[in-house]
Amino acid sequence: MELAMIGLGKMGANMTKRLLRGGHRVVAFDLNEDAIRAAEAEGAEGARTLDEVVAKLNAPRVAWAMVPAGEPTEATIRELEKRLSAGDIIIDGGNSYYRDSVRRAETLKQAGIHFVDVGTSGGVWGLEEGYSMMIGGEQAIVEGLRPIFETLAPGPDRGWGHVGPAGAGHFVKMVHNGVEYGLMQAYAEGFELMQQKTDFDLDLHQIAEIWRFGSVVRSWLLDLIARALDENPTLEGLAAYVPDSGEGRWTVMESIDLAVPIPVITLALQRRFRSRQDAPFSEKLLSAMRNQFGGHAVKREE
């Protein structure tokens with residue numbers, strides 16, 4: 001099968017490699033010339049403009065966008081719409097907000113262009129391990145793209161599936177990332193508690209390795225924890241600063257709209273916010289209140 005890969009960042013480039021290994025024809029496009037040349041070296045056909053991308057594909061064309069969510073995705077889909085024809089297919093494999101995907105599907109439908117949203121998980125390991133894909137769109141269109149998904153997935157019959165209409169793929173991926181926040185926070189807190197129990201002199205890497213086998217908390221995240229602690233047992237040099245991609249925020253917003261309580265995910269998101277504050281004002285105010293009502297000592301900034 002043939003398709004265009006629009007966006008050759010780390011994930012897009014690795015997906016291109018996996019598709020090429022699976023025997024697919026890939027037309028590769030990126031704003032970075034070096035990225036295009038790297039894809040060409042792997043066997044892809046490079047394109048320097050979107051016009052060239054469209055010209056190199058046979059109808060019905062399949063264009064897979066792997067660009068950052070928000071305006072980059074919006075602009076890419078808008079430009080592709082100008083160039084594609086009725087019956088062609090646009091796939092958004094990035095971390096787009098699902099409401100944007102629903103809107104884009106409706107807009108493209110008016111031009112006869114099919115839209116498929118693919119929530120994609122796998123990170124830098126996807127090239128070798130395969131990608132988990134949560135797919136939204138028309139059933140018949142998704143079924144026609146099966147060879148692509150079977151190649152990218154961990155196996156032809158696992159790790160991917162059609163979960164509902166347009167927008168459903170990115171909705172499920174949004175929740176997936178929210179769950180990920182909660183899992184990561186729980187692991188982080190547990191290991192910090194053990195790290196602070198200094199009288200036992202616990203070996204955190206050893207404990208991670210023990211938990212990896214037979215334990216009810218074993219997981220791929222735990223595998224990665226064990227690897228990180230093996231490489232850097234004290235995490236020396238790492239700042240306690242945790243960004244968020246936005247999907248955790250969307251998950252919490254959705255829980256408010258649906259009145260569904262998700263306290264663990266919400267708190268995990270809030271903890272990420274706190275990690276970015278050097279001296280939180282709220283904690284300063286707590287100290288000031290204790291001093292005001294009880295004369296308690298305060299610690300001054302150095």
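Q: Which residue in S5 is the bridge partner of tryptophan 64?
A: Tryptophan 64 has isoleucine 91 as its bridge partner in S5. The model is predicted: local features need pLDDT of at least 70, side-chain atom pairs count only at pLDDT 80 or more, and totals for chains, interfaces and linings use all residues. Residues are numbered from 1 along each chain as its sequence is written, and side-chain values use heavy atoms, with hydrogens and water left out.

Q: What makes S4 and strand S5 (residues 89-92) a pair?
A: A strand is a DSSP run of E with at least two residues, a helix is a run of H or I with at least four, and both are numbered from the N terminus. Two strands pair if DSSP finds at least two bridges between them. S4 and S5 are joined over four bridges in the parallel sense, so they meet that condition.

Q: How do you know that S1 also pairs with S4, and in which sense?
A: Strand S1 (residues 2-6) and S4 have three bridges between them, in the parallel sense. Alanine 4 stands opposite alanine 63 of S4.

Q: Which way do the residues of strand S4 (residues 62-65) point, and are they buried or exposed?
A: Val62 and Trp64 point one way, Ala63 and Ala65 the other way, and all are buried. Buried means under 20% relative accessible area, exposed means over 50%, and partly exposed lies in between (1.4 Å probe, protein chains only).

Q: What makes the β-α-β unit of S4, helix H4 (residues 71-83) and S5 right-handed or left-handed?
A: A crossover is right-handed if, with the strands pointing away from the viewer, the path from the first strand over the helix to the second runs clockwise. The unit of S4, H4 and S5 is right-handed.

Q: Why is strand S2 (residues 25-29) called largely enclosed by the rest of the structure?
A: Four of the five residues of S2 are buried, so the rest of the structure largely encloses this strand. S2 runs parallel to S1 and is joined to S1 by five bridges. In that pairing, isoleucine 6 stands opposite phenylalanine 29 of S2.

Q: How many bridges join S2 to S3?
A: Three bridges join these strands, which run parallel. Phenylalanine 29 has alanine 47 as its bridge partner in S3. The chain passes from S2 through H2 to S3, and this β-α-β crossover is right-handed.

Q: What span does helix H1 (residues 10-21) reach, and what is expected?
A: The expected span is 1.5 Å times one less than the number of residues. H1 has 12 residues and reaches 17 Å from its first C-alpha to its last, close to the expected 16 Å. Its buried residues are Gly12, Asn14, Met15, Thr16, Arg18, Leu19 and Leu20. Glycine 23 follows H1 and has a positive phi, near 90°.

Q: What makes arginine 48 and glutamate 33 a salt bridge?
A: A salt bridge is a side-chain nitrogen of Lys or Arg within 4 Å of a carboxyl oxygen of Asp or Glu. The closest N and O atoms of arginine 48 and glutamate 33 are 2.6 Å apart, so the pair qualifies. Arginine 48 lies in the loop between strand S3 (45-47) and helix H3 (50-56) and glutamate 33 in helix H2 (residues 33-42), so the pair ties together parts 15 residues apart in sequence. Arginine 48 counts as partly exposed at 36% relative accessibility, and glutamate 33 counts as partly exposed at 28%.

Q: How far apart are the closest N and O atoms of glutamate 247 and lysine 173?
A: They are 3.9 Å apart, and the two residues form a salt bridge. This pair links distant parts of the chain, with glutamate 247 in helix H12 (residues 247-258) and lysine 173 in helix H9 (residues 168-196), 74 residues apart. Both glutamate 247 and lysine 173 are buried.
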